[in-house]
Amino acid sequence: MTHALQSPDSSQKAGTKALYGGTSSRRITVRDIAAAKERGEKWPMLTAYDAMTASVFDEAGIPVLLVGDSMGNCHLGYESTVPVTMDEITLLSAAVVRGTKRALVVGDLPFGSYQEGAVQALRNATRLVKEAGVGAVKLEGGERSAHQIELLVQAGIPVLAHVGLTPQSVNAYGGYPVQGRGEEAAQQLLRDAKAVQDAGAFAVVLELVPAELAAEVTRTLHIPTVGIGAGVECDAQVLVWTDMAGMTSGRLPRFVKQYAQVREVLGGAAKAFAEDVVGGAYPAEEHSFH
Ligand code: KIV
């Protein structure tokens, strides 16, 4: 499999279909995602939790936006993804759908919304599709979640699977360790990836997996792999937007690359506003009505 590097210019020359940089303005579907794997095209994915930020990423051409349960840490002030509820994911997914025109919006099924079994998964995934308008859902787990994936796909709900490190199991892991290290763990990860593909997932997130193993999974599967801390050979890459844009405070995982310092810019704007107010420079004449 060759992975053609895509920039808006090069992909536009290549045609109108590229997920990133293509000229089509209709909403991306899971068929477009499958076609990108066939073309060997890499694509970017970001998280989003509100309409305004989602519209920025949509206008930037990000083809897939995940309303991740990472909203727990990044948006709602929880310590992990575990407390996030269906009500919270549904509300914020609807906002992201409203803020976008082109991106495929994927809603995350939070902890406790699908572990009881396939029927519970179907009930909650259906809610996300009907109430929020998402085009697909994501859930964690490989072999252990195959039944859930199968039923959702049969019901017409596209599923993005998630294997490797599954953050909803943070209490069982006792942290966020790299997964798939050692022969036995690597074989289990391969089985998990194949199980979600066989169950009908349209793509699979590989989180915190050694790059060589992620490359092997990517070569083995016919569905795209979406890496996060899983090396460069994955078909797609996802980052939590607050990490990517430098909004998150504190220590970041090693796999994160910051492309801006939004926290600094925003803090600077807030301080400049405060100083203007305190010093009487705001509002000025042009901001006032008479
Ligand atoms: O919830 C989330 O944002 C995720 C991605 C990091 C894959 O699961």
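**Exercise 1. Find which residues have the most contacts inside the largest nonpolar core.**

Solution. Start with the term: a nonpolar core is a set of buried Ala, Val, Leu, Ile, Met, Phe, Trp, Tyr and Cys residues joined through side-chain atoms within 4.5 Å. Buried means under 20% relative accessible area, exposed over 50%, and partly exposed in between, with a 1.4 Å probe and protein chains only.

- Step 1: the largest core here has 57 residues.
- Step 2: Leu65, Leu109, Val137, Leu152 and Leu206 have the most contacts inside it.
- Step 3: apart from this core lies another, of 19 residues, among them Ile28, Val64, Leu160 and Val238.

As background, nonpolar side chains in soluble globular proteins tend to be buried together.

Before you go on, remember that this is a predicted model, where local features need pLDDT of at least 70, side-chain atom pairs count only at pLDDT 80 or more, and totals for chains, interfaces and linings use all residues. Residues are numbered from 1 along each chain as its sequence is written, and side-chain values use heavy atoms, leaving out hydrogens and water.

**Exercise 2. Work out why Asp69, Asp108 and Glu140 gather at one spot.**

Solution.

- Step 1: an unreviewed UniProt entry annotates these three as "binding site". UniProt positions are given in the numbering used here, feature names are shortened, and annotations may be inferred rather than shown by experiment.
- Step 2: the three span 72 residues in sequence, yet no two of their C-alpha atoms are more than 10.8 Å apart, so they gather at one spot.
- Step 3: look up their places. Asp69 sits in the loop between strand 2 (64-67) and helix 4 (71-74), while Glu140 belongs to strand 4 (residues 136-140). Helices (H or I, at least four residues) and strands (E, at least two) are DSSP runs, numbered from the N terminus.
- Step 4: check burial. Asp69 counts as buried at 5% relative accessibility, and Glu140 counts as buried at 1%.
- Step 5: check contacts (heavy atoms within 4.5 Å). Beyond four places in sequence, the partners of Asp69 include Asp108 and Glu140.

**Exercise 3. Find how far the polar side-chain atoms of Asp108 and Lys138 lie from an oxygen atom of the ligand.**

Solution.

- Step 1: Asp108 has a polar side-chain atom 3.3 Å from a ligand oxygen.
- Step 2: for Lys138 the distance is 3.1 Å.
- Step 3: turn to the cover. The protein covers 96% of the 250 Å² of accessible area that the ligand has on its own. Accessible areas come from the Shrake-Rupley method with a 1.4 Å probe; for residues, only the protein chains shown count as cover.

Technical notes:
Polar contact = N/O pair within 3.5 Å; in protein donor to acceptor, adjacent residues only side chain to side chain.
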